[in-house]
Amino acid sequence: LGLLEHHKNFIALLYRAPQAGTRARYVLADMVGLGKTIQLGLGAQMLSLHSDKPVLIICPKTLVWQWQDELRELMGLPSAVWDGSCWVDEHGNSTGGHSAYDVKKCPRKIGIISQGIITANTDAANHLLHMSFNTVIVDECHRARRKNLDPKKQNEPPVPNNLYRYLMKISEKTEHM
């Protein structure tokens, strides 16, 4: 893949976490186009070698198919996207679709969902909270923030938005995030 040194260092950092008996909790922030998807995809793959639990990628709706394409094309990793009613694998095959409960039946170890499923507080999002994950990746995580951002309210306790609140809950259900 022609990984750069900072890519290798981050992946090594992730890989050492389970060996040290710790849970990886990192924020990866970098400029567009510098390889965050590769780092996170390979990192998730490495972390998942230590577990049978699934990997969940939460990203904006506009990026779900891009994530799936990049995982497949750049890393050869199969994945499935929850389109709101069923899972769609990397070949375009649909699985499930009978109810929101089917979100728990991802046909691949890596499942990709839209942040909109969470912010709308859907049944599918709530079903995912009853699962355990090896790794949860949140793309565009800055969207998880407090609602009371008014300067007059800066000294008040934060009131988390739906995404922020959800990530706090799901973080308890995942080994690495």
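Biologist: How far apart are the mean positions of the positive and negative charges of the protein?

Modeller: In this predicted model, the protein carries 21 positive and 17 negative charges.

Biologist: Which radius of gyration does the protein have, and why does it agree with a compact globule?

Modeller: The C-alpha atoms occupy a box of roughly 50 × 45 × 30 Å along the principal axes. For 177 residues, a compact globule would have a radius of gyration near 16 Å, so the value for the protein agrees with that expectation. The radius of gyration of the protein is 16 Å.

Biologist: What pattern do the helices and strands follow along the sequence?

Modeller: The protein contains 6 helices and 7 strands. Read along the sequence, their pattern is α-α-β-α-β-β-β-β-α-α-β-α-β.

Biologist: What share of the contacts with a separation of 6 or more joins residues 24 or more positions apart?

Modeller: Contact here means heavy atoms within 4.5 Å. Among contacts in the protein with a separation of 6 or more, residues 24 or more positions apart account for 65%.

Biologist: Which element gives the most residues to the largest nonpolar core?

Modeller: The largest nonpolar core has 23 residues, and I57, W67, L71 and I112 have the most contacts inside it. Two or more residues come from each of α1 (5–19), α2 (36–48), β1 (55–59), α3 (64–75) and β5 (110–114). With 5 residues, the element that gives the most to this core is α2.

Biologist: How many residues does the other core have?

Modeller: This other core lies apart from the largest one, and its members include L56, W82, Y166 and L167. Its number of residues is 22.

Biologist: Which residues are in contact with I112, leaving aside its neighbours within four places in sequence?

Modeller: I112 is one of the residues with the most contacts inside the largest nonpolar core. Once its neighbours within four places in sequence are left aside, I112 is in contact with I57, C59, V64, W67, Q68, L71, S79, A80, V81, W82 and W87.

Biologist: Does K153 count as buried, partly exposed or exposed, and why?

Modeller: K153 is placed in the loop between β6 (133–138) and α6 (162–171). Apart from neighbours within four places in sequence, K153 is in contact with R146 and N148. Buried means under 20% relative accessible area and exposed means over 50%. Because its relative accessibility is 36%, K153 counts as partly exposed.

Biologist: How far apart in space are K153 and S94?

Modeller: In sequence, K153 and S94 are 59 residues apart. In space, C-alpha to C-alpha, they are apart by 46 Å.

Technical notes. Residues are numbered from 1 along each chain as its sequence is written. This is a predicted model: local features need pLDDT of at least 70, side-chain atom pairs count only at pLDDT 80 or more; totals for chains, interfaces and linings use all residues. Side-chain values use heavy atoms; hydrogens and water are left out. Helices (H or I, at least four residues) and strands (E, at least two) are DSSP runs, numbered from the N terminus. The radius of gyration is taken over C-alpha atoms; the globule rule is 2.2 Å times the number of residues to the power 0.38. Lys and Arg count as positive and Asp and Glu as negative; His and the chain ends are not counted. The place of a charge is taken as NZ of Lys, CZ of Arg, CG of Asp or CD of Glu. Buried means under 20% relative accessible area, exposed over 50%, partly exposed in between (1.4 Å probe, protein chains only). A nonpolar core is a set of buried Ala, Val, Leu, Ile, Met, Phe, Trp, Tyr and Cys residues joined through side-chain atoms within 4.5 Å.
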